[in-house]
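Here is a short exchange for a student who wants to know what lies behind the words used to describe a protein model. Each answer sets a value beside the rule that it has to meet.

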Amino acid sequence: MKKRILSVLLAIAMVAVVLTTGFAAMAAEATPALKLDISAKGETVTATVTAQAASKIATGRFVLDFDETKLEYTGYDSHGNMFNPDTMICVFVEPMGEAYANDTVLFTADFKVKADREAPIDKDSVSLDGVNNYTVTYEPTNEVTVAFACDHSVATEEVITEATCGTAGSKDVTCTVCGNVEKGVVIPATGEHTFGEWKETKAATATEDGEQQRTCTVCGAVETKVIPATGEKPSTGDKTPAQDNKPAAKPNAGDKSPATGATVGVSAVTVMAAAAVVTLLARKKKED
C-alpha cells in the first residue's frame, strides 16, 4: 500500500516537473529576442534592429529582406557587427558573452521610397529572415517584434469645404508614403474680407467728426473709418462779417454827408441869383 502511494506521489512530481519545464520553455519562446522598427520620415525609410534584454540574447544572425517594388536600398550601419551587403546577412555576438542590454542597436539600414511603387509602405515592406539567435545559455530564441511608424509629411490634400474670411473649411489629407487618410482636417478662416466701397454714414462738420463704413460682401463684417472735422465755418453769402454783425453807423451832428453838402451848395446859388435879380431891378427903376 505504501509503495503504491509512493509511486503515485512520484508520478505526480514527475508530471509537475514536465509541466513546469514546458511552461518555462513556452515563456522563453514567447519573449522576442529582436525588435525591428521601420520608420518612414518623408520619402526615407530606416529599419533598425535592436536586442531585447528579456530574452537574454547574446548572439545570432538574420537576413535583411525588403520589398524591392517599394524601396531602394541606400546604405547601412552595422554598429560594429558583421554584415555582408551582397548576401544581406548580419551576424552579431556580444563581446563578453553576456546578454545584450535592452534596446541595444545591432543594425540599421536606410531605404528610399520608390516613386513608381504601386502599394503603400507598411510593416511588411522590410523583414528579417533566416533568424537564428541564442541566449547566454545557448537556447534558441528567434521571435522578432515588428513596429511601423510614419510621419505623414508627404501628403496630398482634398478640400471638402472652402474656408472663407469668417468661416473655417475642411479637407482630407492622404499620406503618399503609407496611405494613411486623415479626414476633416480644419482649414482656418482666412480673415481676408472682400469689402465693398466706402459709404458715408455721418457727414463731418466744422467741429464734429463724420463717419464712413464698408461691408464685406462674403460674411457681412463692417469696417468703420472716421472722417475728420473740417474746421471751417459755414458760409452765409456775399456780406462781410462786419456787415453781418454791426449796424450802420449814424453820422455826427457836426458832420455833413456828401448829400447834405450838395443841398447847401444849391441853396446858396439860388440866393445869389435872387439877389442879382433884385439889384438889376433897382438900377432900372433909378434910370427911369
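Q: In this predicted model, which residue of S16 stands opposite Gln 213?
A: The residue opposite Gln 213 is Thr 224 in S16.

Q: What makes strand S15 and S16 count as paired strands?
A: Two strands pair if there are at least two bridges between them, and six bridges join strand S15, residues 210-215, to S16.

Q: Why are strand S14 and strand S16 said to stand at the edges of their sheet?
A: The open sheet has three strands in the order S14-S15-S16, with antiparallel pairing. Strand S14 (199-202) and strand S16 (222-227) each have a single partner strand, so one side of each is left without a neighbour in the sheet. From one strand to the next, the twist averages 35 degrees.

Q: Why is Met 88 called buried?
A: A residue counts as buried when its relative accessible area is under 20%; the value for Met 88 is 11%, and therefore Met 88 counts as buried. Met 88 lies in the loop between strand S5 (82-84) and strand S6 (89-93), and its phi is near 60 degrees, a positive value in a residue other than glycine.

Q: What is the phi of Lys 56, and where does this residue lie?
A: Lys 56 also has a phi near 60 degrees, which is a positive value in a residue other than glycine, and Lys 56 is placed in the loop between strand S2 (44-51) and S3.

Q: How many helices and strands does the chain have, and what share of its residues counts as buried?
A: The secondary structure comes to three helices and 16 strands, while 22% of the 288 residues count as buried. Among contacts between residues at least 6 apart in sequence, 60% join residues at least 24 apart.

Key: Residues numbered from 1 in each chain as written. Predicted model: local features only at pLDDT ≥ 70, side-chain atom pairs only at ≥ 80, totals over all residues. Heavy atoms only, no water. Helix = DSSP H or I, 4+ residues; strand = E, 2+ residues; numbered from the N terminus. Buried < 20%, exposed > 50% of the residue type's maximum accessible area, 1.4 Å probe, protein only. Contact = heavy atoms within 4.5 Å. Axes fitted to C-alpha atoms, helices over the stretch in contact; angles between N-to-C directions.
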